[in-house]
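Hi there,

I am handing over the structure we talked about, and my notes on it follow below. Please have it open while you read.

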Amino acid sequence: MSSHIHLLCKGTNGFVLSDIIRDFKKFTSKKIIQTIIDEPESRREWMLEYFQKACEHLKKNQTYKVWQNGYHAEHIYSNKFIKQKIDYIHNNPVKDKTVSSAEDYYFSSARNYSGLENDLDVVLLDLF
């Protein structure tokens, strides 16, 4: 989605989910800002200003803020629940009317589950 991301993930090998999300946000924030700076983009100044203004209320000295604080983790308790969440994630761009079919959204694992080409490296779950 253009304004948010949905992930189905878990911490393994002693990694804690909150640390994974923190590191993900830190890494992707730096990459997003660097890409905006490096790539010719007509909205460059607007985007950088937007992310700078997001820092104005922070006590911590920070130049850009890409992600909101927090995340909405849910405990996975069954394969049926996993399937429900994957269906929700896949159909989110359809509900938003960004695409008419989940597989048409290029940055969705729906493409992987449909056997279509995708730049995302996704571990497919055989729950269906």
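Let me begin with a salt bridge: the side chains of Lys53 and Glu49 come together at 3.3 Å, N to O. The term stands for a side-chain nitrogen of Lys or Arg within 4 Å of a carboxyl oxygen of Asp or Glu. Lys53 and Glu49 are 4 residues apart in helix 2, so about one helical turn separates them. (Helices are DSSP runs of H or I with at least four residues, numbered from the N terminus.) Lys53 is partly exposed because its relative accessibility is 47%, and Glu49 is partly exposed as well, with a relative accessible area of 42%. Here buried means under 20% relative accessible area, exposed means over 50%, and partly exposed is what lies in between (1.4 Å probe, protein chains only).

Before going on, a word on the source: this is a predicted model, in which local features need pLDDT of at least 70 and side-chain atom pairs count only at pLDDT 80 or more, while totals for chains, interfaces and linings use all residues. Residues are numbered from 1 along each chain as its sequence is written, and side-chain values use heavy atoms, with hydrogens and water left out.

How many salt bridges does the structure hold? There are 6. Salt bridges with shared partners link Asp19, Arg22 and Asp23 into one network. Within it, the side chains of Asp19 and Arg22 meet at 3.2 Å, N to O. Both residues belong to helix 1 (residues 17-38), where they sit 3 residues apart, about one turn of the helix. Asp19 has a relative accessible area of 31%, so it is partly exposed; Arg22, at 48%, is partly exposed too.

Another of the salt bridges pairs Arg43 with Glu41, at 2.8 Å, N to O. Arg43 is partly exposed at 48% relative accessible area, and Glu41 is partly exposed at 27%.

Which residues make the nonpolar surface patch of about 320 Å²? They are Leu8, Ile76, Val123 and Leu125. Patches are made of residues with over 30% relative accessible area and no salt bridge; like charges are joined within 9 Å, and nonpolar side chains (Val, Leu, Ile, Met, Phe, Trp, Tyr) within 5 Å. The accessible areas come from the Shrake-Rupley method with a 1.4 Å probe, and for residues only the protein chains shown count as cover. Ile76 lies in the loop between helix 2 (44-53) and helix 3 (79-95), and its relative accessibility of 32% makes it partly exposed.

Best wishes

How values were computed. Helix = DSSP H or I, 4+ residues; strand = E, 2+ residues; numbered from the N terminus.
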